[in-house]
Protein chains: 2
Amino acid sequence: MSGERMHAEMAEQPEVLRRLTSRRDEVAELVRRTLPEPLRGIVLVARGSSDNAAMHGRYLLETTAQVPVALAAPSLQTRYGVRPRLEGFLAVGVSQSGATPEIVSTLQELRAGGAATIAITNVAGSPLARDADAALLLEAGEELAVPATKTFTAQAAAFVLLAEALAVRPLTLDWARAIDAVEDVLATPEAIGPLAERFATADRVLPVGRGWLYGAALEVGLKLAETTGLPVHGTSPADLQHGPIAAIHPGTQVLCLVAPGPVAADLAATASALRARGAAIAVVAEDDTLVPDADVVVPVMAGVPEMLALLPQVVRGQQLAARTAVLRGIDPDAPFALSKVTRTT
Amino acid sequence: MSGERMHAEMAEQPEVLRRLTSRRDEVAELVRRTLPEPLRGIVLVARGSSDNAAMHGRYLLETTAQVPVALAAPSLQTRYGVRPRLEGFLAVGVSQSGATPEIVSTLQELRAGGAATIAITNVAGSPLARDADAALLLEAGEELAVPATKTFTAQAAAFVLLAEALAVRPLTLDWARAIDAVEDVLATPEAIGPLAERFATADRVLPVGRGWLYGAALEVGLKLAETTGLPVHGTSPADLQHGPIAAIHPGTQVLCLVAPGPVAADLAATASALRARGAAIAVVAEDDTLVPDADVVVPVMAGVPEMLALLPQVVRGQQLAARTAVLRGIDPDAPFALSKVTRTT
């Protein structure tokens with residue numbers, strides 16, 4: 001009931017991230033070997049938590065590689081037999097197990113259409129790793145808790161490594177600082193205590209993030225949905241204003257994920273608008289100046305590059321999800337009879 | 001309080017669709033004039049209801065044009081200054097008003113990156129129409145109710161016209177049948193009565209659709225969120241299984257959108273799984289055989305091509321949203337102090 005597995009796997013994240021980022025040269029070599037010339041675009045194939053990591057990749061790869069990035073619609077390949085022309089494209093398939101049939105088949109179809117393919121997976125020798133032109137193995141160790149934690153942050157980090165390797169303008173990110181920030185989050189779980197108490201009795205929780213923290217908002221939303229059974233969906237300030245803001249009523253618990261950068265002001269403005277509708281505003285941030293309207297600030301270390309801010313932010317979300325579940329009488333390791341590997345086709 | 005404006009605008013849909021589809025030759029000519037040769041990919045730029053129409057376009061354009069299709073992430077262009085290389089790409093911007101600043105700026109940036117651009121909008125001379133290489137005007141007449149109805153179905157139809165014009169293999173869709181089906185839906189509003197009674201007291205409503213009805217599920221979800229204030233999000237059977245199914249509890253009102261075709265079996269299987277978790281299952285479908293586990297069937301006419309099934313299905317959703325709002329004491333014409341034109345940047 002206490003989420004021991006989930007916590008043990010969360011605790012491994014700094015080590016997993018250090019190991020993965022020590023292989024930057026390997027990733028650069030893998031990209032060199034695989035990349036079409038010229039690169040015209042990128043397609044990402046994933047579901048669930050992996051899809052949230054892919055969303056982070058979608059933002060970062062378009063930024064650094066300066067080509068358009070699409071998220072695949074797998075049913076087009078697996079159900080409708082659509083095979084787009086993909087000469088000059090890179091397709092990246094992401095699956096923790098490497099065994100979700102629709103991810104494997106979709107990547108095969110995109111490869112048949114002419115795309116160079118890379119698999120991001122935790123399981124060497126899995127169908128996804130076997131079929132792709134190259135595999136980037138996460139080496140995160142087996143994951144047993146149903147909510148993905150260390151494999152999610154490893155997938156997201158793998159996408160950032162790809163973004164570095166594909167960068168048109170060379171990019172050197174301060175990974176050490178980001179991993180220190182993850183370690184700091186893990187060392188201070190009590191920081192999410194008061195917010196988890198609120199979430200324990202909430203009927204509406206809304207994570208909000210934009211740009212390089214949009215994937216983080218989606219992932220924190222999915223984590224909270226999986227572990228609490230609430231219909232939580234992360235969203236962006238812009239999407240929210242185009243209709244769903246109607247659903248914000250007094251008592252809604254808003255969770256803003258924010259880092260210093262060009263979208264911070266959007267989060268501050270959104271927080272004001274949501275507070276005016278009666279929502280309670282919490283923020284995960286390095287200080288209390290970014291979103292002045294917040295009534296709770298869950299701290300993360302300052303000085304993390306915005307492209308890596310997702311890592312400590314999502315780990316705060318993992319802590320919140322695990323603790324809120326326990327307070328609601330749910331076992332975060334295996335909530336609601338969900339299964340670990342989801343075999344969608 | 002009765003949603004007179006929304007109903008009046010809904011009632012115009014057959015006429016708007018007939019007028020728009022009578023301009024097929026104009027759309028073909030507009031595409032001929034604009035299209036890069038060879039076409040390498042397509043990027044769609046939209047928010048809100050327009051984004052749901054764009055999602056329908058995302059599925060249909062990849063199917064018929066056989067190139068990858070991406071949905072833009074506007075903040076990359078408006079906040080981070082990212083300008084992807086887009087030679088050989090077509091970018092389509094969609095905005096009812098043609099005046100949402102971030103849609104206008106993003107399409108400008110994609111054009112500066114080399115994309116040929118088309119605007120889909122209801123307002124001739126709007127910034128979006130003015131800046132694009134070509135404009136496909138919806139000619140739907142002014143829309144006053146906050147929930148988009150006739151402009152949504154017109155936008156979705158515009159995307160299907162583009163999909164016909166871009167088809168690698170010539171495609172002749174039975175538009176007359178689809179518009180007759182919309183007319184039939186509008187003539188039988190009582191068919192949604194019992195379901196609206198259920199939704200009037202529900203705390204969870206979940207529209208589900210896949211493939212060529214995925215955009216429809218998103219739009220019905222947004223319509224219900226806007227008019228009821230519930231946190232409703234349309235989803236796909238595959239996404240649902242990767243986590244959010246945890247949030248399904250007894251009393252959840254599931255609404256399956258389904259048409260005969262390659263994904264119908266996925267909806268049937270999902271309905272069974274959700275029923276096993278205690279959800280009530282309603283289905284919008286031409287008969288009661290597609291989803292045997294349904295306990296309510298809201299009828300639509302048979303014989304509509306799957307690519308056009310979205311049109312009558314979404315109009316059923318509009319009826320449900322309007323009626324449910326009234327039963328909940330909400331004015332569907334202007335719910336929750338939402339504004340008609342959303343000026344996100």
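## A tour of the two-chain model

Begin by selecting Glu139(A) and Arg23(A): their side chains form a salt bridge, with N and O 3.7 Å apart. A salt bridge here is a side-chain nitrogen of Lys or Arg within 4 Å of a carboxyl oxygen of Asp or Glu. The two partners come from distant parts of the chain, 116 residues apart. Glu139(A) is in the loop between strand S5 (134-137) and helix H8 (150-165) of chain A, and Arg23(A) is in the loop between helix H2 (13-21) and helix H3 (24-34) of chain A. Helices (H or I, at least four residues) and strands (E, at least two) are DSSP runs, numbered from the N terminus.

The model is predicted: local features need pLDDT of at least 70, side-chain atom pairs count only at pLDDT 80 or more, and totals for chains, interfaces and linings use all residues. Residues are numbered from 1 along each chain as its sequence is written, chains are lettered from A and ligands numbered from 1 in the order in which they are written, and side-chain values use heavy atoms, with hydrogens and water left out.

**Stay on Glu139(A).** Glu139(A) is partly exposed, at 40% relative accessible area, whereas Arg23(A) is buried, at 11%. Buried means under 20% relative accessible area, exposed over 50%, and partly exposed in between (1.4 Å probe, protein chains only). Check the backbone of Glu139(A) too: its phi is positive, about 50°, although the residue is not a glycine. Most residues other than glycine have a negative phi, and most peptide bonds are trans.

**Next, Arg210(A) and Asp266(A).** This pair also forms a salt bridge, with the closest N and O atoms 2.8 Å apart.

**Move to chain B and select Arg32(B) with Glu29(B).** The closest N and O atoms of this salt bridge are 3.2 Å apart. Both residues lie in helix H3 (residues 24-34) of chain B, 3 residues apart, or about one turn of the helix. Arg32(B) is exposed, at 58% relative accessibility, and Glu29(B) is partly exposed, at 35%. Over all chains, the structure holds 44 salt bridges.

**Now show both chains together.** The interface brings 66 residues of chain A into contact with 65 residues of chain B, contact meaning heavy atoms within 4.5 Å. Chain A and chain B bury about 5,300 Å² between them, 58% of it on carbon and sulfur atoms. Buried area is the accessible area (1.4 Å probe) that two parts lose on being put together, summed over both. Select Tyr80(A), Arg85(A) and His242(A): they supply 14% of the area that chain A buries against chain B, more than any other three residues.

One of the pairs to select is Asp266(B) and Arg79(A), whose side chains meet in a salt bridge at 2.7 Å, N to O. The elements that give two or more residues to chain A's side are helix H4 (48-65), strand S2 (69-71), helix H5 (74-78), helix H11 (214-228) and helix H12 (237-241) of chain A. H4(A) gives the most, with 7 residues.

**Find the axis.** A rotation of 180° with 0.0 Å of shift along its axis superposes chain A on chain B, with RMSD 0.0 Å. The superposition is by least squares on the C-alpha atoms of residues with pLDDT of at least 70 in both copies. The two copies are thus related as by a two-fold rotation axis. Select Ala70(A), whose C-alpha is the nearest to the axis in chain A, 2.1 Å from it. The same surface serves both copies, as 98% of the contact residues of chain A recur in chain B.

**Finish on the backbone.** The peptide bond from Glu37(A) to Pro38(A) is cis, with omega near -5°, and Pro38(A) is in the loop between H3 and strand S1 (41-45) of chain A. In chain B, a cis peptide bond joins Glu37(B) and Pro38(B), with omega about -5°. Last, select Gln66(B), which has a positive phi of about 55° although it is not a glycine. Gln66(B) lies in the loop between helix H4 (48-65) and strand S2 (69-71) of chain B and is buried, at 18% relative accessible area.
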